[in-house]
Amino acid sequence: MKKILLAVMILFISNIASSQIKTRSTNTTGYMGIGYKFVFLTNPAARNAYPFFQLSKGDFLKEIDGFFGVNLNDRFGIELAPSYLFTNSVSSNGYYYSNSFGKRFYLPLQTRLFAVPLNLKFKFFPFYKNYTSSFSKFYFGAGGGAMYIDEEISAQIYSGEDELNYLGSKTYVNHFWTTNYEFAVGISSFSKIGYGFELSYRFVPLNTELNVPLITSIATNFNSINFTANIIFTF
């Protein structure tokens, strides 16, 4: 009789454990948060104009992220991730631009750049079965969407980089929509109010046929390596 009772108890406990694991693997949770992103442009022309770090001002090329997501289960998640990239850094290096009037050298006096990526991201958690391990919240991500870019440069114009023949000064503005997509790896904590870190690479193609002497007309892309620190609220 004792053996029968013991067998029933073991079976009952195993069923409860199995139900808990099954429930956890299909449990849907929502979350939202905010992140601070450091942006390193990989295109030389873009990075020359908008450096990752400007020593004279102690300023970074930076981006503020907001995100709203759902973990469909312990394995997959989906996230809406709008963000705002901005800088007012002024590079001491000028640039050449050629159009129908010839080749001119532009020396920036004041710049303004901001961009608004509107992305949808998918996440995959490869170690989701290791519930007790911190790596269960490690993920691979991929996503993309539309991106709005606005650039303004006030520059002095010269015939050459020796800056001997001054031709005047002018302000140029351009704003447009393009696409962007990115791949990422990251990790987050288990807490209701937690933290996370993400490393990503973003692809941003540009239209170099625009007839405006701006960096977005010279650089072929605004691709970047990004490091993000996040604060996450789970509900």
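Guide: Of the 235 residues of the protein, 40% count as buried, where buried means under 20% relative accessible area, exposed over 50%, and partly exposed in between (1.4 Å probe, protein chains only). This is a predicted model, in which local features need pLDDT of at least 70 and side-chain atom pairs count only at pLDDT 80 or more, while totals for chains, interfaces and linings use all residues. Residues are numbered from 1 along each chain as its sequence is written, and side-chain values use heavy atoms, with hydrogens and water left out.

The protein has three helices and 11 strands; helices (H or I, at least four residues) and strands (E, at least two) are DSSP runs, numbered from the N terminus. Read from the N terminus on, the elements run α-β-α-β-β-β-β-β-β-β-β-β-α-β. Contact means heavy atoms within 4.5 Å. Among contacts between residues at least 6 apart in sequence, 68% join residues at least 24 apart.

Now to the part itself. Leu113 belongs to strand 7, which covers residues 102-124. With a relative accessible area of 2%, Leu113 is buried. Neighbours within four places in sequence left aside, Leu113 is in contact with Tyr50, Leu85, Phe86, Thr87, Ile149, Asp150, Glu151 and Phe222. Leu61 is 52 residues from Leu113 along the chain, and the C-alpha atoms of the two are separated by 9.8 Å.

Ser200 can be set beside it. Ser200 sits in strand 10, residues 193-203, and is buried, with a relative accessible area of 3%. Not counting residues up to four places away in sequence, Ser200 touches Glu182, Phe183, Ala184, Ser224, Ile225 and Asn226.
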